Amino acid sequence: MQSEKIIKESWRRCAEHGLTQSEEPILESLPLSEIKDLSQIYRELVVTTNSEVLPYYQNILSNANCLIILTDNNGFALNSWGDKRFLPNKHKPFFEAGVDWNEKFIGTNAIGTSLVTGKAIQVQRDEHYFKINRFMVGSAAPIYDANRQLIGMLDITSDSYLPQAHTLGLVKLMSQGIENRLLFNQHNQNHYIFTFNTNAENVDSQWSGLIIFDDIGRVVAANNRAETLLKFELLKVHIEDILNVTIRDLRNQPEGIIFEVTAVGKYKMYGQLKRPVIKLNLRNKSKREEINFSVRTESDVSNDSQSDNKNNRVTLDTFSFGDPFVDKQISQAKRIVNKALPILVHGETGVGKEVFVQCLHNYSVRQQFPLVAVNCAAIPNDLVESELFGYEKGAFTGANVKGSIGLIRKANGGTLFLDEIGEMPLNVQGRLLRVLQERTVTPLGSTESYEVDIKLVSATNRDLKKEIDNGNFRQDLFYRVSGLNIHLPPLRERRDRRQLFQQVNALQHGSELVFPLSDKILNLFNNHPWPGNVRQLISVLQIAQAMADNEPIQEWHLPEDFLQDVNKNDEQTIPVASINVTSENPSEIAARKKSNDKDELISVYTRFNGNKSKTYQNPIF
């Protein structure tokens, strides 16, 4: 709850300015010529707010009697958005450009009081100094540039009869979004951008930390959220002083792939890297360190992805290394992928659902057409419809002037991948159902429908039947998306773990010389519970490889929390996936079982330090 002390101190300042509560606020405004100058100086701030941040919140704000006002760092209004009809006529001029919102003119108010305190503030109805303003509630948050200098204030003002519990958090999120977009637009041409958060699912959110560094690792900028998360001054330090990864390995990190890092030696974070879009020549001591980056388009990324698979990185045939259960899933998927049936992929977070779908698309006859992936959990609820179905120009405030064809039509001829489909809002589920039934899409604001030809693949880590029982997922949509159900087992249940460890190690290695994992490391890996699955395995290997620095990985190269998890798991059993494969003959199954059992026996025998009694008492045997 906001401190009463802040309001009391503001009232004291108002009294010192000679204001009385029964007066009306003073309409103090800049001359027209200075307003024009101000609009030019802060043009980027206004345009970024209008075109890159507010559209994400349009549906939320359009359903409330509210106004959004953006000011400069001195409290002069730059622009406002919203419907002024809820305001009395005498208050409407205060929301015009050039008006001064400082306390000495407006009394206690969110903008003016936030300017004084430097903090996000919500001023309730009776907390306003002037009685005439006590029909409003204002929520304001400061906006800072890369150097922590205040550049503006963002405020949401509404009538006091609307629920206000969420508004302060909303304006904080919006101001953070503005800061992020300004930083991104300023630096994405020439610098690396590392986006991170405490949760892998929130890496792309506007509440993420941003660290921007140059080609040799010097941090040139960071947002306020980054320093808040890490409790560390980030400017003018080296990225290796912040993250437990070398600059070389960080630069070589696949773009857009979320990976786990330890920050400032103690915080576990999840992040992803975006490379510069302008061509750079990075020359270090060795010519092998020279890297070129150039402007990339969506088609470039798609082509790169296909090229990677053609170069034997991960394909459908190399997704398994002999696990009978996974082999069966792959065999079934191959039979269905070119038929007009949907596929639903189940599995825990991190098992490789996205990679499996990419491999499936590359195997299919649609591989020359786009694979369009949609993370249903990452798109704000109010934007899911416009992102999926597209919209006509002018369909809503903040819409692209050219309109948008939408992600479903972008996937025409190819594969539409709906990741985390269980997170899709119910109202959007109904529209998606119609699209799947009629194979046509009608953009928002349009009366024209467009035919689409797509292969639908969905993925979820939820039990959709339980979601149906709880009223969160439509039963009719469930039967439209679940033609063939594919289950990808967690890493701890896979029988081909040891081969998989070696393969992922090879794929993650940055040089041509790859040292296989030793039996000792394999046994440690085999005994780990892997709650984060393959995604966690990749993170552990990246850290270990960075520590090993082109030498064989040893135990001391592994993260400490990884080793602690292994020790905790010492007395626990290792679950084994159930096997029900009819495509192999009995002799093949017996031979494979014998080989796998031998691996398990060696692993458990090693874990119990050669104690035969404990080994054979283990439930696996």
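At the start of helix α6, the backbone nitrogen of I111 has a side-chain oxygen of N109 within 3.1 Å. The model is predicted.

**Helix α6**

- The buried residues of α6 are A110, I111, G112, T113, S114 and L115.
- Among the elements covering these buried residues are the helices α1 (4-16) and α5 (103-106).
- The cover also includes the strands β1 (66-72), β3 (121-123), β4 (136-144) and β5 (150-159).
- After α6 comes G118, which has a positive phi, near 75°.

**Aromatic pairs**

- The whole structure contains 13 aromatic pairs.
- One of them is the edge-to-face pair of F319 and F356, with 5.2 Å from centre to centre and 70° between the planes.
- F319 is in the loop between α10 (298-310) and α11 (324-336), while F356 is in helix α12 (residues 353-363), so this pair ties together parts 37 residues apart in sequence.
- F319 has a relative accessible area of 9% and is buried; F356 is also buried, at 0% relative accessibility.
- F478 and Y479 form an edge-to-face pair, because their ring centres are 5.2 Å apart and their planes lie at 75°.
- F478 is buried at 7% relative accessibility, whereas Y479 is exposed at 56%.
- One aromatic cluster is made up of F501, F525, W530 and F562.

**Charges over rings**

- R409 lies over the face of Y450, 3.7 Å from the ring centre.
- R431 has its charged end over the ring of F389, at 4.2 Å from the centre of that ring.

Key:
Residues numbered from 1 in each chain as written. Predicted model: local features only at pLDDT ≥ 70, side-chain atom pairs only at ≥ 80, totals over all residues. Heavy atoms only, no water. Buried < 20%, exposed > 50% of the residue type's maximum accessible area, 1.4 Å probe, protein only. Helix = DSSP H or I, 4+ residues; strand = E, 2+ residues; numbered from the N terminus. Contact = heavy atoms within 4.5 Å. Polar contact = N/O pair within 3.5 Å; in protein donor to acceptor, adjacent residues only side chain to side chain. Phe/Tyr/Trp six-rings, centres within 6.5 Å; stacked < 30°, edge-to-face > 60°. Lys NZ or Arg CZ within 6 Å of the ring centre and 35° of its normal.
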